[in-house]
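Please keep the sequence and the 3D view at hand while reading.

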Amino acid sequence: MHAEALLWITADPGALEETGQILSRHPQVRFTAATTGSSSLLVAVAATDLSALYVFLTGTVGALPHISGLQVTPILSGVKRTGLVRPASISL
């Protein structure tokens, strides 16, 4: 089984850059971006299973001192992924 989720994180403004950088270096993190609105970071996470996702949320994210809010959106099914377009796949 494979578990994926989007994390909508509210971090203290003075620690936004640091928090984003720490999370972006974690091997389970696919994508990290600063956002606006009710959350300040969007983090896409992939884990081997739900237990590993739980450990990531409680251990890695939970250990960060400047997070004041977290919403988790599980990804149940993916239809298309973003990524680099390979030159061989472009038809002219």
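The protein chain contains 2 helices and 4 strands, where helices (H or I, at least four residues) and strands (E, at least two) are DSSP runs numbered from the N terminus. Read from the N terminus, these elements follow the order β-α-β-β-α-β. This is a predicted model, in which local features need pLDDT of at least 70 and side-chain atom pairs count only at pLDDT 80 or more, while totals for chains, interfaces and linings use all residues. Residues are numbered from 1 along each chain as its sequence is written, and side-chain values use heavy atoms, with hydrogens and water left out.

**The sheet**

- The 4 strands form an open sheet in the order E2-E3-E1-E4 with antiparallel pairing, two strands being called paired if DSSP finds at least two bridges between them.
- Strand E2 (29–34) and strand E4 (67–75) are the edge strands, each of which pairs on one side only.
- On average, neighbouring strands of this sheet are turned by 20° against each other, direction ignored; axes here are lines fitted to C-alpha atoms, for helices over the stretch in contact, and angles run from 0 to 180 degrees between N-to-C directions.
- Strand E1 (residues 3–11) is joined to E4 by 8 bridges, the two running antiparallel, and Leu7 stands opposite Val72 in E4.
- E2 and E3 pair in the antiparallel sense over 5 bridges, with Ala34 having Leu41 in E3 as its bridge partner.
- The hairpin formed by E2 and E3 has 6 residues between the strands, and Gly37 in the turn has a positive phi of about 110°.

**The helices**

- Helix H1 (residues 16–24) lies across E1, E2, strand E3 (41–47) and E4, and runs at about 165° to E2.
- Helix H2 (residues 50–61) also packs on the sheet, touching E1, E2, E3 and E4, and its direction makes about 15° with that of E1.

**The nonpolar core**

- In soluble globular proteins, nonpolar side chains tend to be buried together.
- The largest nonpolar core has 16 residues, and those with the most contacts inside it include Leu7, Val43 and Phe56; such a core is a set of buried Ala, Val, Leu, Ile, Met, Phe, Trp, Tyr and Cys residues joined through side-chain atoms within 4.5 Å.
- E1, E3 and H2 are the elements that give two or more residues to this core, and H2 gives the most, with 5 residues.
- Phe56 lies in helix H2 and counts as buried at 1% relative accessibility, where buried means under 20% relative accessible area, exposed over 50%, and partly exposed in between (1.4 Å probe, protein chains only).
- Not counting residues up to four places away in sequence, Phe56 touches Leu7, Leu23, His26, Gln28, Val29, Val45 and Val61, contact meaning heavy atoms within 4.5 Å.
- Leaving aside neighbours within four places in sequence, Val43 is in contact with residues including Leu7, Leu23, Val29 and Phe31.

**The salt bridge**

- The structure holds 1 salt bridge, a term for a side-chain nitrogen of Lys or Arg within 4 Å of a carboxyl oxygen of Asp or Glu.
- Arg30 forms this salt bridge with Glu4, the closest N and O atoms being 2.6 Å apart.
- The pair links distant parts of the chain, with Arg30 in strand E2 and Glu4 in strand E1, 26 residues apart.
- Glu4 is buried, with a relative accessible area of 12%.

**The chain as a whole**

- Of the 92 residues of the protein chain, 29% count as buried.
- Among contacts with a separation of 6 or more, 70% are between residues 24 or more positions apart.
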